[in-house]
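User: I would like to work through this model with you, question by question. Please give the cut-off behind each term when it comes up.

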Amino acid sequence: MKDLPARRLLLVHAHPDDESITNGATMALYAAAGVHVTLVTCTLGEEGEVIPAGLAHLAPDRDDRLGPYRAGELAEAMKELGVTDHRFLGGQGRFRDSGMMGVPQNHREGAFWGTDVDEAAAPLVEIIRSVRPQVLVTYDPRGGYGHPDHIQAHRVAMRAADLAGERAYRRDLGDPHAVAKIYWTRVPRSLAEEGFARLRATAAGDFPGIAGIADIPGVVDDERITAEIDGAAYADRKAAAMRAHATQIAVREPFFALSNDLGQPLFTTECYELAVGVSGAAPGEREHDLFAGITGTTGSTGVAEAAGGSPRSAAGRIPGASAGGVREGVGEISGGAV
Ligand SMILES: [Zn+2]
């Protein structure tokens with residue numbers, strides 16, 4: 001792709017709605033800051049449960065039309081977040097939702113879970129080499145909570161990032177590109193606990209029940225968190241994007257429920273664990289910009305301005321010799337010296 005903005009962020013998710021629930025504020029914030037945000041969704045979410053009774057006929061055991069319908073919901077959600085580049089891995093409908101772990105759909109023909117990782121990675125390599133993102137966001141190795149499509153999305157994203165930088169791999173898919181930083185989406189335990197405390201105190205009566213921390217994907221001890229994005233200014237965008245996924249999510253700000261009707265907090269502070277690359281923050285501190293430390297991608301048009309000038313974003317401008325080393329490596333490859 002030609003003439004893309006200097007900063008490019010790629011997110012790899014399993015189903016339509018995961019991106020808005022998990023990274024909606026981050027996506028809106030970076031899109032507003034002029035970053036090229038690319039969302040790759042691996043399946044159409046055909047096996048999801050349908051919340052609105054009037055749309056129950058879309059379900060896989062009836063009309064089996066939920067997938068295309070959810071593609072429409074995703075398109076609406078992306079409008080709310082200001083994200084214009086959203087794609088389905090391998091094209092719409094190439095890989096099918098595998099359902100929850102242990103169900104027969106895991107082994108259905110075309111199910112994402114049963115697809116060879118390298119086969120599924122190839123179309124993602126092509127996107128990485130075309131968009132050339134500095135930052136990739138996906139799930140942790142458990143897929144956050146063990147859904148087979150989330151685990152597979154993690155495997156495919158990590159494999160594709162590796163292959164995209166390999167000079168000998170599939171040059172028909174574009175010139176090699178090394179992604180500088182890969183983050184796994186996380187929720188710090190303290191944030192989850194605080195959110196549930198608020199939910200119990202203020203809105204317990206609005207939901208038939210309340211979810212538990214074990215229902216939240218990616219919860220880890222606070223010390224595992226390496227980056228924290230304050231998306232409060234984009235809370236309304238995130239909530240609107242989640243509302244667009246009406247077959248899957250019932251939003252009652254600042255809470256929401258999935259098809260199980262259990263209330264849970266809607267987080268506008270979104271947190272990450274740096275899995276690959278060098279932190280741009282001082283030792284022991286969290287980054288407040290996913291592009292921190294990648295030279296040439298922060299500065300006057302940085303997130304600090306777009307987000308209203310959070311002083312903590314200054315962490316992104318702390319120079320680090322090791323980060324410079326990463327940049328040079330990336331520059332060499334992205335500059336075509338291969
Ligand atoms: Zn999902």
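User: What arrangement do the four donor atoms around the zinc ion make?
Analyst: This is a predicted model, in which local features need pLDDT of at least 70 and side-chain atom pairs count only at pLDDT 80 or more, while totals for chains, interfaces and linings use all residues. Residues are numbered from 1 along each chain as its sequence is written, and side-chain values use heavy atoms, with hydrogens and water left out. Because the angles around the zinc ion run from 55 to 143°, the arrangement is irregular.

User: Which atoms coordinate the zinc ion?
Analyst: Donors are N, O and S atoms within 2.8 Å of the metal (3.2 Å for Na, K and Ca), and as water is not among the atoms, sites may look incomplete. In sequence the donor residues follow the spacing H-x2-D-x131-H. At 2.1 to 2.5 Å, the coordinating atoms are His15 (ND1), Asp18 (OD), Asp18 (OD) and His150 (NE2).

User: How many residues apart in sequence are the parts that histidine 15 and histidine 150 tie together?
Analyst: Helices (H or I, at least four residues) and strands (E, at least two) are DSSP runs, numbered from the N terminus. Histidine 15 lies in the loop between strand S1 (8-13) and H1, whereas histidine 150 belongs to helix H4, so the parts that this pair ties together are apart in sequence by 135 residues.

User: What is the largest C-alpha distance among the residues that UniProt places in its "binding site" feature?
Analyst: The unreviewed UniProt entry places this feature at His15, Asp18 and His150; the positions are in the numbering used here, feature names are shortened, and annotations may be inferred rather than shown by experiment. Although these residues are spread over 136 residues of sequence, they cluster in space, with a largest C-alpha distance of 9.4 Å.

User: Is histidine 150 buried or exposed?
Analyst: Buried means under 20% relative accessible area, exposed over 50%, and partly exposed in between (1.4 Å probe, protein chains only). Histidine 15 has a relative accessible area of 5% and is buried, and aspartate 18 at 10% is buried as well. Histidine 150 has a relative accessibility of 2%, and therefore counts as buried.

User: What is the length of the polar contact between the side chains of histidine 150 and aspartate 18?
Analyst: A polar contact is a pair of N or O atoms within 3.5 Å; within protein, one must be able to donate a hydrogen and the other to accept it, and residues adjacent in sequence count only if both atoms are side-chain atoms. Aspartate 18 is in helix H1 (residues 18-32), and histidine 150 is in helix H4 (residues 148-164). Their side chains make a polar contact of 3.1 Å.

User: Which residue's side chain is joined to that of histidine 13 by a polar contact of 2.7 Å?
Analyst: Histidine 13 lies in strand S1 and counts as buried because its relative accessibility is 0%. Its contacts (heavy atoms within 4.5 Å), leaving aside neighbours within four places in sequence, include Asp18, Asn23 and Tyr139. The side chain in the 2.7 Å polar contact is that of tyrosine 139.

User: What is the phi of aspartate 64?
Analyst: Most residues other than glycine have a negative phi. Aspartate 64, in the loop between strand S2 (36-41) and helix H2 (66-81), is not a glycine, yet its phi is positive, at about 55°.

Terms used
Four donors count as tetrahedral if all angles lie between 85 and 135 degrees; four count as square planar and six as octahedral if opposite donors are over 155 degrees apart and all others between 65 and 115; anything else is irregular.
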